[in-house]
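Subject: A structure to look through

Dear colleague,

I am handing over a structure for you to look at, and below it I have set out what was found. Please keep the structure open while you read, and go through the points in order.

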Amino acid sequence: MPEREEKGFSRIKELESINLATDEIRDQVIQTKKEVEKDNKKLAEQLNRKFKSHKIKSYDIVGAIGAGKTAILERITEKLGLNYRILVICGDITTRVDANRIEKHNAETIQINTGRECALNAYHIHQIIKNKDLNDYDIVFIENVGNLICPSEFILGTDKRMVIVSITEGEWVIEKHPMLFKMSDIAVINKIDLLERLGTNLDKMINDAKKINPNIDVITTSAKKGQNIDKLMELMGL
Ligand SMILES: Nc1nc2c(ncn2[C@@H]2O[C@H](COP(=O)(O)OP(=O)(O)O)[C@@H](O)[C@H]2O)c(=O)[nH]1
Ligand SMILES: [Mg+2]
């Protein structure tokens, strides 16, 4: 990537400062935010072209902390790990816990610790991918930082985005977070093994997702019991 472009994209990393804006610099900050979003989109498009030119299937997996993102990735990688070359990029504030869990299932893992940032952005992914030979992979999964709000601002250049919620988050969780559902291709409602005990209104969750985004595929799963994981993989095109 030319040096000037690289420098421009590095602006994406400066987003943190926006939260600290005072009234006097509000306009300037909003302008910076717009530029950051533009840079992110451009870089994400570049990444998508790279994935496509190497025939890599790519997925951005978003959802709150504890929804079951890693558990579902474990289920998928344990099914595919022996036959496909898989790279899993895990985003988290600190620790390598998720990467260590997934690594056991024959997938290469990279953990990105974002510090105070509440979502991965295309620049993070670019920094990883630029050091990789993409001929070495068939599938790239990105587990985003656990958060139902921030990831909606940053696309990562993947073919599909999958949002995972669980019934333990309550039946209002989808209605309250429309942005991520608008921007996702697949909605997974996980932990249905607990449905009887919790009595969560699953129909409302499914209807809310469809109302927010009529094009979204909705699937209910239990990562714990392995329920509907094959169907989910079908929806993902795997
Ligand atoms: N009962 C039940 N527990 C689950 C299920 N999926 C994940 N969990 C548990 O929920 C917790 C959080 O899961 P994790 O995969 O770390 O969520 P993440 O933060 O979204 O990656 C862990 O204790 C998992 O074992 C499920 O389908 N059913
Ligand atoms: Mg996780």
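Helices, meaning DSSP runs of H or I of at least four residues, are numbered from the N terminus. With that in mind, please remember throughout that this is a predicted model, and that the values below are computed from it.

Let us begin with the ligand. Among the 17 residues around ligand 1, those that come nearest are Gly68, Lys69, Thr70, Ala71 and Lys224. The greatest contribution to this shell comes from helix H3, residues 69–80, which supplies three residues. If the shell is sorted by residue type, five of its residues are nonpolar, seven are polar and five are charged.

Helix H3 deserves a further look. Is H3 mostly covered or mostly exposed? Nine of its 12 residues are buried, so by the cut-off of 20 or more other C-beta atoms within 10 Å the helix is mostly covered. Among the buried residues of H3 are Lys69, Thr70 and Ala71, which are also among the residues that come nearest to ligand 1.

If neighbours within four places in sequence are left aside, Val140 is in contact with Phe51, Ile56, Ser58, Leu87 and Ile89.

Ala99 lies in helix H4, residues 97–103, and it counts as buried because it has 20 C-beta neighbours inside 10 Å.

Finally, here is the protein as a whole. It contains 10 helices and seven strands, and its radius of gyration of 18 Å is close to the 18 Å that the globule rule gives for 238 residues, so the protein is as compact as a globular protein of that length. Buried residues make up 42% of the 238 residues, and, of the contacts with a separation of 6 or more, 75% are between residues 24 or more positions apart.

With best wishes

Technical notes: Residues numbered from 1 in each chain as written. Chains lettered and ligands numbered in written order. Predicted model: local features only at pLDDT ≥ 70, side-chain atom pairs only at ≥ 80, totals over all residues. Near = placed C-beta within 6 Å. Helix = DSSP H or I, 4+ residues; strand = E, 2+ residues; numbered from the N terminus. Nonpolar A, V, L, I, M, F, W, Y, C, P; charged D, E, K, R; others polar. Contact = placed C-beta atoms within 7 Å. Rg over C-alpha atoms; globule rule 2.2 N^0.38 Å.
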